[in-house]
Amino acid sequence: NHDFIRNPVFMNKLEGSEEFSEESFTENFDVVFVDNSGKLNLLSGMTKTALEQIQHEARIAMEYFNENEADRFEALFLQKVNDTKLRYDNVAKITQIPTSYCNYTDSVKLDYHDPFVHFARTILVQLKQGLTNRVSLITINYAQLPTWSISSVPPSYSSSNLKLYIGLVFNPEQSNRLIDYGPSPEDETAASQFRKLWGKKAEVRRFKDGSILECVVWDVKGIEERCLIVSRIVKYLLHLHYGINESKGIQYFTGQLNDIVIPSTNIPKSIYNKNGIANGFRDVMQAFDKLVKQFMALEDVPLRFSGIRAASSTLRYASIFIPQPLALTAKKISHYVDPIEVIIQFEHSVRWPDDIVTIQKMKIAFYIRLASQLELQFPGTCATVVTDNSDTIISEAYMDILADSGFAFRCRIYNEREMTLLDRGIKDKISSQLKKDTYTKALEREKRMFVEIPMHTLQIQTLCNKWPSLSLTIRLTKRWFSTHLLSDHVDEEWIECLSSQVYLEPLPWNRPSSGFVGFLRVLKLIASWDWNNEAMIVNL
């Protein structure tokens with residue numbers, strides 16, 4: 001936590017010596033740590049960006065030491081952390097280093113004859129001024145010069161065709177904000193510096209609190225574009241101040257995979273409107289909340305509701321494609337769309353029968369009653385009951401609802417008494433083994449459908465609300481499994497748990513704040529984990 005820039009370290013100060021005074025050291029070196037002689041700066045070759053990187057890694061290490069129960073030895077000392085694409089939330093590769101720009105004046109050339117070195121040092125200042133608290137770390141990385149013969153001319157960075165990498169670690173609470181606030185126009189000096197930094201992007205606006213400020217506003221459409229604001233800022237500043245072409249001079253690694261979780265443009269807009277993606281999962285979550293309120297407000301139903309629970313990947317922000325409302329009027333909606341699973345649970349009642357098959361028939365009667373009341377009390381709602389017409393211990397009956405919002409929901413009734421009766425049938429000593437096996441399979445299905453999946457949905461939903469980039473990480477990972485024809489080999493809940501693991505246990509790096517990097521870390525986890533000898537436990 002020590003600020004080496006403002007408070008340089010001197011093991012010994014030479015009093016009365018201007019040549020080795022504190023002012024002399026701080027003027028000539030980025031970082032100062034003077035030895036006991038008072039004449040040698042031990043960190044003379046260290047840049048500010050290198051110091052910030054070291055402090056960043058030290059803070060991560062201290063967090064590991066503060067965990068009393070966990071053993072972090074492997075993460076601290078055995079794992080490599082220098083993989084650029086995994087280490088940072090955003091990475092920019094500068095492929096065209098500018099040789100002339102406004103800050104590279106003739107006087108500066110006397111100290112920095114190679115524009116590459118000067119560019120690497122000054123770009124950090126520009127980016128810090130523009131990104132402010134959107135990021136917690138900015139690093140500049142490039143390879144060292146190759147060796148050369150003592151009889152030849154030493155190579156320069158510019159002639160060696162080296163690439164420069166900018167690594168950014170996000171501050172997740174600030175990285176996606178839409179407005180950068182500047183000073184008041186009345187402060188002419190500060191306002192002039194702000195306009196010089198932002199160029200034509202800077203403007204004056206009056207805000208709700210009555211203040212009038214210089215600002216920069218970033219227009220976006222949807223959460224995916226909002227996650228790209230930092231990349232837009234970096235590209236804009238590099239183009240404005242260094243003349244770097246945004247398409248040819250810089251390669252930015254962040255949003256290249258976003259298009260694969262958006263349906264093809266060949267799909268008719270009447271079925272899937274791409275413009276609706278801007279709202280993300282907000283529309284479907286609002287439609288679900290509205291459906292819950294409608295259920296709770298229903299009149300003339302035999303039992304009151306104790307809970308309406310989500311049991312779909314759509315309602316935990318984990319479906320590959322963002323769901324869109326559909327303009328359908330057909331009653332048999334299950335033939336046309338993939339409905340959103342919902343679990344209905346009534347208040348406890350002793351009036352439920354003790355026979356499992358009879359319970360299935362009563363559930364069908366409830367479906368019919370609920371469907372008629374929904375259509376009667378909420379015009380515009382279309383409800384359809386689907387039955388299997390068979391006397392089995394587990395019925396496949398359900399109720400499909402096409403809400404006026406345009407979303408389709410598939411509702412199933414959960415009754416705790418079913419599990420009690422199934423468990424009793426398994427333990428019955430008189431029952432045949434075949435019947436016990438049937439009851440066992442039915443109980444496993446009931447637990448998965450009515451207990452485990454709703455609980456999993458709630459847990460993943462909570463994590464996605466806590467770490468917004470997790471949603472995109474899960475969606476990209478599912479898409480990867482699907483495109484490699486692997487999705488039939490694993491459950492989607494397993495993929496969601498696997499994706500959550502890189503957020504719950506991000507070591508040896510920071511927790512990712514970018515869906516792109518989160519996806520890359522999931523691939524790294526899949527490739528490097530010893531699946532044959534070690535179990536992975538995900539503590540949701």
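Helices (H or I, at least four residues) and strands (E, at least two) are DSSP runs, numbered from the N terminus. With that in hand, let's find our way around. This is a predicted model, where local features need pLDDT of at least 70, side-chain atom pairs count only at pLDDT 80 or more, and totals for chains, interfaces and linings use all residues. Residues are numbered from 1 along each chain as its sequence is written, and side-chain values use heavy atoms, leaving out hydrogens and water.

Let's start with Arg134, which you'll find in the loop between helix H6 (115–131) and strand S4 (135–142). Is Arg134 buried or exposed? At 0% relative accessibility, Arg134 counts as buried, because buried means under 20% relative accessible area, while exposed is over 50% and partly exposed lies in between (1.4 Å probe, protein chains only).

Now for the rings. Rings of Phe, Tyr and Trp (its six-membered ring) pair if their centres lie within 6.5 Å; planes under 30 degrees apart count as stacked, over 60 as edge-to-face, and the rest as tilted. By this rule there are 25 aromatic pairs. One of them joins Phe20 and Phe25, a tilted pair at 6.5 Å centre to centre with 40° between the planes. Phe20 is partly exposed, at 22% relative accessibility, whereas Phe25 is buried, with a relative accessible area of 5%. Trp529 and Trp531 make a tilted pair too, with 6.2 Å between centres and 50° between planes. Here Trp529 is partly exposed at 22%, and Trp531 is partly exposed at 36%. Elsewhere, Phe295, Phe305, Phe346, Trp352 and Phe366 come together as one aromatic cluster.

The charged end of Lys201 sits over the ring of Tyr236, 6.0 Å from its centre.

Finally, the cysteines. How many disulfides does a search of the whole structure find? The count is zero, where a disulfide is a pair of cysteine sulfur atoms within 2.5 Å. Take Cys382: the nearest cysteine sulfur, that of Cys411, is 13 Å away. Cys382 counts as buried, at 13% relative accessibility, while Cys102 is exposed, with a relative accessible area of 57%.

Notes: A charge sits over a ring if NZ of Lys or CZ of Arg is within 6 Å of the ring centre and within 35 degrees of the ring normal.
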